[in-house]
Every structure is written in C-alpha cells, then in structure tokens.
Amino acid sequence: MNMLIIYTHPNHRSLSYAFLEEVIRGSEENSSIEKVKVLDLYEEGFNPVLVFNENKRRRDMYTDPDFAAYREQLMWADKIVLVYPIWWGRPPAMLMGYIDQMFAAGFAYKEVGKLMPEGLLKGKSVVCISSMKGPAHYPLLMLNNAHKALMRKALFNFVGIRKVKFFEFGSMESPKGKQKQKLNKIYRYFKVMEG
C-alpha cells in the first residue's frame, strides 16, 4: 500500500506535528505499507488561493500544469492521511485551498448527467487526524458534526472515496487532554492498519 500524508500546520513544534511523527513511526513498523510520502503544505509553500481569469479557467483546473505533481501524488496513493488542526470548526484555509484546487472536475469526479457525478478516486481510503482546543464533543453537539460532514460527504464520498476514518481529538491545550495517550493511539493504529 502507498500512503500519502498531507500535513497542514505552520509549526513543526505543534501537537499536529507530533501526530504526524506518530503516523510515520507506526507506518514504518507496518509491513503492509510499502511507501510513504509526506506533503507538508506550509513547508511546500503551497498557494491556496484560487485564481480564475481569461488565462486560467476553472474548467481547466484538472490539467493545470502547476498542480501536475500533486495530482500524481493523489493518484499514486492508496491511502490518504490528513493531519491538521480544527480552527473555527473546520480545517485550516491552507488545506481547504488544496482541496479546492486538487479535487477538481475532470480529475476527482466527472459529470455524467445524473443527480450525482461519478467519483474518479474510487478504491482509495482516507484517515483524517484532527485536534482542537475545544472539548471533543463540541463539533457534534454544537456544530451538528459539520467537520465530519464536510470531509466525508461533501468531499470524499463525492469523489468516490467511501472509506473515511476520523480521529478527532479535543481539549488538546488542556493539561488533562491526555495528549500522550492520543499520540500513542495514532502510533498503534498505523502500526497495524491494513488497506
């Protein structure tokens, strides 16, 4: 299995980065994972801003040469792992800008004249690892699970990815947040994870 990790946090001393390290550590001990690639969006200098004009049309995004390497990474991956914080109830704008530009019509899905398009990324699976300052049940109780609905239904199911797992950790700035246990949970998951 080939695994692409998309890391989205500007600080390499953050808890998000610690989660990234545990994903990598567990994956290195998992014989079912052949190769791992890490895309650090901030370190990469990824530009999340959409640009449409007379030279850059939305309908041509799926062939934009600026995104060719990123499209190849997504096609190469059997499993996509997203590591990011939850800010204001949703992933960072940097990650959303990546999603806006990468999961384009013609690459991630195609219109087929039906109510829903055909997802072109079938057969892949996704793991979302997110952390937030607020309590773990806040997104469910106060936001009607908006984060998970956004990622699972509005994005991944739309492009044909049905297998989506979430690790949504709350109270991560609290001394009682059990950060070490949660980091260990991620390590253990990736150590034994199968396709």
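Me: Where is Val-126 found?
Reply: Val-126 is in strand β6, residues 125–131, where strands (E, at least two residues) and helices (H or I, at least four) are DSSP runs numbered from the N terminus. Before we go further, this is a predicted model, in which local features need pLDDT of at least 70 and side-chain atom pairs count only at pLDDT 80 or more, while totals for chains, interfaces and linings use all residues. Residues are numbered from 1 along each chain as its sequence is written, and side-chain values use heavy atoms, with hydrogens and water left out.

Me: Is Val-126 buried or exposed?
Reply: Val-126 is buried, with a relative accessible area of 1%; buried means under 20%, exposed over 50%, and partly exposed in between, using a 1.4 Å probe and protein chains only.

Me: And what does Val-126 touch?
Reply: Leaving aside residues up to four places away in sequence, Val-126 touches Ile-80, Phe-156, Ile-161, Lys-163, Val-164 and Lys-165, a contact being heavy atoms within 4.5 Å.

Me: Switching to α7, which residues are buried there?
Reply: In α7, the buried residues are Lys-182, Leu-183, Ile-186, Tyr-187 and Phe-190. Viewed down the axis of α7, they fall within an arc of 145 degrees, so they line one face of the helix; the arc is taken from the directions from the helix axis to the C-beta atoms.

Me: What do the buried residues of α7 pack against?
Reply: They pack against β1 (2–7), α1 (15–28), β3 (79–85), β6 and β7 (163–169), whereas the face of α7 turned away from its buried side carries the exposed residues Lys-180 and Val-192.

Me: OK, salt bridges. How many are there?
Reply: The count comes to seven salt bridges, each being a side-chain nitrogen of Lys or Arg within 4 Å of a carboxyl oxygen of Asp or Glu.

Me: What does Asp-64 form a salt bridge with?
Reply: Asp-64 pairs with Lys-56, the closest N and O atoms being 2.9 Å apart. Asp-64 is buried at a relative accessible area of 7%, while Lys-56 is partly exposed at 27%.

Me: How far apart are Arg-25 and Glu-22 in helix α1?
Reply: Arg-25 and Glu-22 are three residues apart in α1, and therefore separated by about one helical turn; their side chains meet in a salt bridge at 2.8 Å, N to O.

Me: Last one: where is Trp-88, and is it buried or exposed?
Reply: Trp-88 is in the loop between β3 and α4 (93–102), and at a relative accessible area of 82% Trp-88 is exposed.
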